[in-house]
Amino acid sequence: MKCYENRSRTSPIVAYELGENSITIKFIDGSVYLYNYDNTGNANVEQMKKYAGIGHGLNGFLSRFLKKGAGEMIQPGGTERPNNEC
């Protein structure tokens, strides 16, 4: 995964990985979610990829435009920030 730049320094997102039709996002609590065309929509995934690339706005987009339950949890989170390189 690539570290999320987090230009605002307030985002709970720490890393992401782009797929052809998806984006996988790792959060500060260690949880990992997969957002793909099927569970999130083509336009939303492509917009999320853009925000990930510029390192700003991704969490805001998630909060404003995606209803709870969008995406698929592929790794549950804990209560603390995991020890990682990001």
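Reply: Buried residues make up 36% of the 86 residues in the protein chain. The model is predicted: local features need pLDDT of at least 70, side-chain atom pairs count only at pLDDT 80 or more, and totals for chains, interfaces and linings use all residues. Residues are numbered from 1 along each chain as its sequence is written, and side-chain values use heavy atoms, with hydrogens and water left out.

Me: What makes a residue count as buried?
Reply: Its relative accessible area is under 20%, with a 1.4 Å probe and protein chains only. That class holds 36% of the 86 residues.

Me: How many helices and strands are there, and what makes a run count as one?
Reply: Three helices and five strands. Helices are DSSP runs of H or I, at least four residues; strands are runs of E, at least two; numbering starts from the N terminus. Strand 1 (2-3) is one of the edge strands.

Me: Why is the protein chain called as compact as a globular protein of that length?
Reply: The radius of gyration is 12 Å, close to the 12 Å that the globule rule gives for 86 residues, so the description holds. The radius is taken over C-alpha atoms, and the rule is 2.2 Å times the number of residues to the power 0.38.

Me: How do you know that strand 1 and strand 2 pair?
Reply: Pairing needs at least two bridges found by DSSP. Strand 1 and strand 2 (residues 13-19) have two bridges, in the antiparallel sense, so they pair. In strand 2, Ala-15 is the bridge partner of Cys-3.

Terms used
Buried < 20%, exposed > 50% of the residue type's maximum accessible area, 1.4 Å probe, protein only.
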